[in-house]
Amino acid sequence: MKSQARIPTGRISDPGYPQASNPEYTRHHPRWYRRHMPIFWWLRKFAYTKFILRELTSQPVMYATLFLLGKVWVLSRGPEAYEIFVQWLSHPAFLAFHALVLVGLLFHTVTWLNLTPKALVLRVAGRKVPGWAIVGAHYGAWLGLSGVILWILAGR
Amino acid sequence: MPDTVKLEVFRYRPEGEGEPLYETFEVPYRDEWMVLDALNQIKDHQDGTLSYRWACRMGVCGSCGMTVNGEPVLTCATYLEPFLPGPIRVEPLHGFPVIRDLVGDLEDFVGKLQRVKPWIIREEERSPSEGEYLQTPEEMDAYKRYSMCINCMLCYAACPIYELEPGFIGPAAIALAQRYNLDSRDEGARERHEVLAEHEGVWSCTFVGECSIVCPKDVDPAGAIQRYKVDATLDFFRSLVTPGRSP
Ligand code: SF4
């Protein structure tokens with residue numbers, strides 16, 4: 001413990017009071033100290049990093065949408081064009097890139113779906129639907145739709 | 001259990017060095033002590049010039065919010081124990097200019113709070129002789145959570161957007177606007193809409209979600225903001241299909 005003969009009282013007449021060594025300071029006028037956000041502020045907390053990753057992974061979502069549109073366009077140019085396109089896609093570099101895109105897509109989807117109960121407040125028969133039910137319904141719809149697509153593909 | 005614990009306290013003396021520094025104090029350790037008790041020990045027995053705000057020491061007044069080891073907390077409700085063996089770093093809340101030591105300037109929030117008109121607005125006031133405005137428990141339930149806010153500013157301190165974009169109206173002000181918007185006695189939603197629906201209103205929020213995590217009163221400002229976004233969007237589309245209706 002700091003041993004001190006007397007405790008500074010905070011009065012300016014107090015001998016222990018820090019002297020006004022700052023020439024820019026005028027008594028009774030605030031001189032704020034403003035902190036600046038460091039550029040890597042999002043590393044300060046895991047939650048911030050997760051947030052930035054969620055924001056960044058919206059790029060893979062955009063890419064996947066454009067890619068799908070591109071694929072439909074290629075299809076419209078006939079079977080040969082599509083064949084060449086598929087060959088192109090089987091290149092290891094493309095496969096690796098698409099694996100990365102998939103990871104980003106899954107991260108974005110999962111973190112996004114987990115947030116849905118915050119934006120959706122539903123009442124059924126006068127009672128609030130709990131958050132887990134809202135998240136569950138979203139995952140259910142996701143899996144359900146994926147199932148339907150797989151079923152169509154398998155039935156070809 | 002140790003006999004003492006060290007606190008590294010953020011000091012800013014505008015008349016002194018002009019730059020902040022950390023000062024280390026050693027205080028006696030007690031199991032039942034909160035961080036605020038340690039600060040009071042310093043102020044009473046070691047350095048009376050240490051400046052910080054506190055009043056009720058029971059999580060109601062909302063004035064003792066500080067950053068303890070990087071997290072915005074109410075110091076009256078945060079035990080020393082989980083930070084052992086220390087040192088414990090105590091700083092002012094992030095996002096606000098510092099006036100002195102641990103005291104931030106909250107003027108910005110006060111102005112924003114007034115802009116969202118956090119009071120009941122009636123198109124036509126009823127005279128007291130006409131009786132009170134009645135409300136069912138369900139109607140009260142719709143806004144009660146948002147009415148628990150104690151203006152402690154922990155949510156602003158946790159919000160990186162507020163720090164990056166100081167114009168942002170911010171979590172508590174929006175939650176309090178919703179507290180009145182969702183009140184069955186209120187008719188002021190249109191007036192608040194002007195402030196909430198602008199870019200510096202709900203649309204500045206990118207849903208980091210930390211405001212709701214740090215809130216000591218479980219107000220869930222993040223939820224209030226996202227709900228308002230959904231409502232504002234629906235309202236906009238409704239105004240497109242309903243002629244004569246403004247968004
Ligand atoms: S919403 Fe919660 S964290 Fe924000 S000021 Fe109100 S009580 Fe404090």
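1. A quick definition to start: a residue is called buried when its relative accessible area is under 20%, and exposed when that value is over 50%. Keep in mind as you read that this is a predicted model.

2. With that in hand, take helix α2 of chain A, residues 58–76. Which of its residues are buried? A:Pro60, A:Phe67 and A:Val74 are. Looking down the axis of α2(A), you find these buried residues within an arc of 40°, so they line one face of the helix. An α-helix has 3.6 residues a turn, so residues three or four places apart point the same way.

3. Now turn to the face of α2(A) that points away from the buried side. The exposed residues there are A:Leu66, A:Leu68, A:Leu69, A:Val72, A:Trp73 and A:Ser76.

4. What covers the buried residues of α2(A)? The cover includes three helices of chain A: α1 (46–56), α3 and α4 (92–119).

5. One of these, α3(A), spans residues 79–89 and packs against α2(A) at an angle of about 140°, the two axes being 8 Å apart. On the α2(A) side the contact is made by A:Phe67, A:Lys71, A:Val74 and A:Leu75, and they meet A:Ala81, A:Tyr82, A:Phe85 and A:Leu89 of α3(A). Sorted by type, that contact has seven nonpolar residues, one charged and no polar. Note that A:Phe67 and A:Val74 turn up here again, having already been listed as buried.

6. After the helix comes A:Gly78, which has a positive phi near 105°.

7. Over in chain B, have a look at the strands. β3(B) (residues 65–68) and β5(B) run antiparallel and are joined by two bridges, with B:Val68 opposite B:Val90. On β5(B) (residues 88–91) there is also a parallel pairing, over three bridges, with β1(B) (residues 4–11). Here B:Val9 has B:Val90 as its bridge partner.

8. β3(B) also runs antiparallel to β4(B) (residues 71–74), and four bridges join them. One of the pairs is B:Gly65 with B:Leu74. Where is the positive phi in this hairpin? B:Asn69 takes it, near 45°, and two residues sit between the strands.

Conventions
Residues numbered from 1 in each chain as written. Chains lettered and ligands numbered in written order. Predicted model: local features only at pLDDT ≥ 70, side-chain atom pairs only at ≥ 80, totals over all residues. Heavy atoms only, no water. Pairing = 2+ DSSP bridges. Axes fitted to C-alpha atoms, helices over the stretch in contact; angles between N-to-C directions. Contact = heavy atoms within 4.5 Å. Nonpolar A, V, L, I, M, F, W, Y, C, P; charged D, E, K, R; others polar. Buried < 20%, exposed > 50% of the residue type's maximum accessible area, 1.4 Å probe, protein only. Arc of directions from axis to C-beta.
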